[in-house]
Amino acid sequence: MKHYLFLILLLLISCKKNEARKEITPKDETLDLKYEVLNQLITDQIREDSINGTLHDNIYNIAVKRVFFEELNENEEPPPPVLALNFSYDSIFAIKDSSYYKNQDRNLINFNLQKSKIKKKLDFITTDEILKLSAKYERDFWKQFQKKYGDKCIQTFSVPFFNKNKTVCLVQNSMSCGPFYGGGSTLIYKKVNGKWVVLKTYDIWVS
């Protein structure tokens, strides 16, 4: 009898631990929207490059970039831009919704690209693979990259980050084809009549 009571107690403890884990990592309520935005941006980019005659052979990087909003503590060191987007609260991303944005940012850690949810058949490279090549070869990065992946450009989209109403999202978009051939920007998209359109553009860069 004691043996059975002990087993029941273990099962109860296990269930409670599983419940605690579920509370710590809530379901990503924006997951389907993330893929909706990514699929549209990829399709739009391919179409635009084709029309302009600038269509490249791309390998795609869907980058997990943490989103940090500027707050009152000026002593904090901002995260490196390769891993994060630093942003300011405004009328779209309101400070009153800061707890929602912090939870969404924490959820980004758990994002893993599901290639089956991308409608086009594409080649992908992870941010970790890019950083490892860059750290190992530094100035010879592109030479080693082309040895491994061929004569491709890296097209990066950050994982979309949404406002509380899920009508607006923040995405960083960049393309790099070599040490002196690249560009990008941070964009805010708004959903209008079922399509994500550019509302604002920030941090444009060209090399």
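Modeller: We can begin with helix α2, where Leu-33, Lys-34, Tyr-35, Val-37, Leu-38, Asn-39, Gln-40, Leu-41, Ile-42, Gln-45 and Asp-49 are buried. This is a predicted model, in which local features need pLDDT of at least 70 and side-chain atom pairs count only at pLDDT 80 or more, while totals for chains, interfaces and linings use all residues. Residues are numbered from 1 along each chain as its sequence is written, and side-chain values use heavy atoms, with hydrogens and water left out.

Colleague: What makes α2 a helix of the expected span?

Modeller: Helices are DSSP runs of H or I with at least four residues, strands are runs of E with at least two, and both are numbered from the N terminus. The expected span is 1.5 Å times one less than the number of residues. Helix α2 covers residues 31-52, which is 22 residues, and its first and last C-alpha atoms are 32 Å apart, close to the expected 32 Å. Just after α2, Gly-53 has a positive phi of about 75°.

Colleague: Why is Gln-144 called buried?

Modeller: Buried means under 20% relative accessible area, exposed means over 50%, and partly exposed lies in between (1.4 Å probe, protein chains only). Gln-144 has 17% relative accessibility, so Gln-144 counts as buried. Gln-144 sits in helix α5, residues 141-149.

Colleague: Why is Lys-200 called partly exposed?

Modeller: Lys-200 has a relative accessible area of 35%, so Lys-200 is partly exposed. Lys-200 belongs to strand β8, residues 195-206.

Colleague: Which residues does Lys-200 touch, not counting residues up to four places away in sequence?

Modeller: Contact means heavy atoms within 4.5 Å. With residues up to four places away in sequence not counted, Lys-200 touches Ile-92, Thr-186, Leu-187 and Ile-188. Lys-200 and Ile-188 are 12 residues apart in sequence, and their C-alpha atoms are 5.1 Å apart in space.

Colleague: How do α4 and α5 cross?

Modeller: The axes of α4 (residues 127-137) and α5 come within 9 Å and cross at roughly 130°. Therefore α4 is oblique to α5, as angles under 35 degrees count as roughly parallel, over 145 as roughly antiparallel, 65 to 115 as roughly perpendicular and the rest as oblique. On the α4 side, the contact includes Leu-133 and Tyr-137. Gln-144 touches these two residues, Leu-133 and Tyr-137, not counting residues up to four places away in sequence.

Terms used: Axes are lines fitted to C-alpha atoms, for helices over the stretch in contact, and angles run from 0 to 180 degrees between N-to-C directions.
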